[in-house]
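Here is a friendly walk through one protein model and its ligand.

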Amino acid sequence: MIERTLAIIKPDAIAARRAGAILSMIEQAGFRILAMRLLRLTRAQAEGFYAVHREKPFFDSLCRFMTEGPVIVMALEADGAIQKWRDLMGPTDPAQAPEGTIRRLFGSNIERNAVHGSDGPETARFELGYFFPGVELLG
Ligand code: ATP
Ligand code: MG
């Protein structure tokens, strides 16, 4: 089933100049990039995006990290895009990530893990609307 998912290249990966390498992996894996923005999140945008994690002990640190520099947000499309992108990212903790995954290659630790991906259809809808409101995603 053709799906769409929201991907973010996080501030650590942008600062380390890994954005090009990550975009290349996205293309090689066969995703279509339907929309892309580079922006620096405000604190309010980061808190709203990660609202589900508001009660977690790492919430404040996560929001600080996500606002420390620019991010690239993208709408990706592919057959089974949500799981396909999570497979290419690898698990949250880069230390647990299989060889060849983005987080294994470019992540530093469980917080500074290079990329984000929606974790289900409902989340994808919310997250795509969060960064591309009213945008027709035609690719
Ligand atoms: P993401 O939502 O960014 O794609 P994920 O779905 O793999 O990652 P979540 O559990 O949704 O992981 O956590 C969101 C983000 O919060 C993680 O990507 C990471 O940056 C940070 N994070 C998660 N767990 C921890 C933790 N135990 N300590 C510090 N930061 C964490
Ligand atoms: Mg998540």
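Predicted model: local features only at pLDDT ≥ 70, side-chain atom pairs only at ≥ 80, totals over all residues.

Start with a charge and a ring: K84 lies over the face of F31, at 5.3 Å from the ring centre. A charge is taken to sit over a ring if NZ of Lys or CZ of Arg is within 6 Å of the ring centre and within 35 degrees of the ring normal.

Residues are numbered from 1 along each chain as its sequence is written, chains are lettered from A and ligands numbered from 1 in the order in which they are written, and side-chain values use heavy atoms, with hydrogens and water left out.

**The nonpolar core**

F31 turns up again in the largest nonpolar core, which has 22 residues; I9, I22, F31, M74, W85 and I102 have the most contacts inside it. Such a core is a set of buried Ala, Val, Leu, Ile, Met, Phe, Trp, Tyr and Cys residues joined through side-chain atoms within 4.5 Å. Buried stands for under 20% relative accessible area, exposed for over 50%, and partly exposed for anything in between (1.4 Å probe, protein chains only). At least two residues of this core come from each of strand 1 (2-9), helix 1 (11-15), helix 2 (19-28), strand 3 (71-79), helix 5 (81-89) and helix 6 (102-106). Helix 2 supplies the largest share, 5 residues. Helices (H or I, at least four residues) and strands (E, at least two) are DSSP runs, numbered from the N terminus.

**Aromatic pairs**

How many aromatic pairs does the structure hold? There are 6. Rings of Phe, Tyr and Trp (its six-membered ring) pair if their centres lie within 6.5 Å; planes under 30 degrees apart are called stacked, over 60 edge-to-face, and the rest tilted. F49 and F131 form a tilted pair, with 5.3 Å centre to centre and 45 degrees between the planes. This pair links distant parts of the chain, since F49 belongs to helix 3 (residues 43-49) and F131 to helix 7 (residues 121-131), 82 residues apart. Both F49 and F131 are buried. Ring pairs also join F49, Y50, F126, Y130 and F131 into a cluster.

**Around the ligand**

Y50, a member of that ring cluster, also reaches ligand 1 through a polar side-chain atom, 3.1 Å from a ligand oxygen.

Which residues come nearest to ligand 1? Of the 13 around it, they are K10, T92, E111, N113 and H116, where a residue is near a molecule if one of its heavy atoms lies within 4 Å of it.

E77 is found in strand 3. Is E77 buried or exposed? E77 counts as buried because its relative accessible area is 12%. Its side chain makes a polar contact with the side chain of R4, at 2.9 Å. A polar contact is a pair of N or O atoms within 3.5 Å; within protein, one must be able to donate a hydrogen and the other to accept it, and residues adjacent in sequence count only if both atoms are side-chain atoms.

D79 also lies in strand 3, but D79 is exposed, with a relative accessible area of 52%. The C-alpha atoms of D79 and I2 are 4.2 Å apart in space, although 77 residues separate them in sequence.

T67 is placed in the loop between helix 4 (59-66) and strand 3. T67 is buried at 15% relative accessible area, and a polar atom of its side chain lies 3.1 Å from the backbone oxygen of R64.

**Two positive phi angles**

Most residues other than glycine have a negative phi. R17, in the loop between helix 1 and helix 2, has a positive phi near 60 degrees. A114, in the loop between helix 6 and strand 4 (115-117), has a positive phi of about 75 degrees. R17 is exposed at 77% relative accessibility, whereas A114 is buried at 0%.
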